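Hello,

Here is the structure for you to keep. My notes on it follow below.

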Amino acid sequence: MKSLGVLLSGRGSNFVAIADSIDAGRIPNARIAVVISNKADAPGVATARERGLTTLVIPSKGRTREEHDRELAGALTQHNVDLVCLAGYMRLLSPWFVRQFPQRVLNIHPSLLPAFPGLEAQQQAFAYGVKVSGCTVHFVDEELDHGAIIVQKIVPVLDSDDEHTLAARILEQEHVAYTEAINVVLGGRYELRGRRLKTTQGQPL
Ligand code: GRF
């Protein structure tokens, strides 16, 4: 049984999608050991509590990045977390933190990276006039929205779209992509050569 730690700062729909996938057996042999937020009032924290999951609030405000990340890493280790899933975690993790969990921290971003990193990626893509966008699940490295890509999903931009309808269709794909990526990583069904991740058949999950 593998243990996931989910970090979030807001709504938590990606967290819910992961939790639903586990409950439905789409992510076999896994559990969410802990949900951690840097924001006490994040709606995702309330949802995690309602679902009976262990939740922790580790506030980041007014603390150095190092102090905060040390507490965070300690909590994840204490809960024997095998894989850390960032799900709308709006805080940059320090290089020190990333080194504690090599190839063990995933992030989801609502664009086809390397296009449109950073905040409001869907709005950036829409304003740029792209004809396709999508989402990316990637390993976290020391740079923002940068690590090796695990899964991408393409979402066409329709003439009838505005930035909100586009963001909503991207979000649907995010929920599918995160489950796929977690299965690839937990199943060990990949080889990483530089930035290039090749999925392999490996052992059945
Ligand atoms: C998602 O769009 C995700 O890609 C980005 O932050 C948003 C979080 O949404 N990193 P939610 O809190 O999972 O609903």
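Glycine 25 comes after helix H1 and has a positive phi, near 80 degrees. Helices (H or I, at least four residues) and strands (E, at least two) are DSSP runs, numbered from the N terminus. This is a predicted model, in which local features need pLDDT of at least 70 and side-chain atom pairs count only at pLDDT 80 or more, while totals for chains, interfaces and linings use all residues. Residues are numbered from 1 along each chain as its sequence is written, and side-chain values use heavy atoms, with hydrogens and water left out.

Helix H1 covers residues 13-23, and the rest of the structure largely encloses it, because eight of its eleven residues are buried (under 20% relative accessible area, with exposed over 50% and partly exposed in between; 1.4 Å probe, protein chains only). Those buried residues are Ser13, Asn14, Phe15, Ala17, Ile18, Ala19, Ser21 and Ile22. They pack against strands S1 (2-8), S2 (30-37), S4 (83-86) and S5 (105-109), and against helices H2 (43-50) and H6 (163-186); contact means heavy atoms within 4.5 Å.

In the loop between H1 and S2 lies asparagine 29. Its phi is positive, near 55 degrees, in a residue other than glycine.

The loop between S5 and helix H5 (121-128) holds proline 114, which is joined to leucine 113 by a cis peptide bond with omega about 15 degrees. Glutamate 120 is found in the loop between S5 and H5; this residue, not a glycine, has a positive phi near 50 degrees. Glutamate 120 counts as exposed because its relative accessibility is 55%.

Regards
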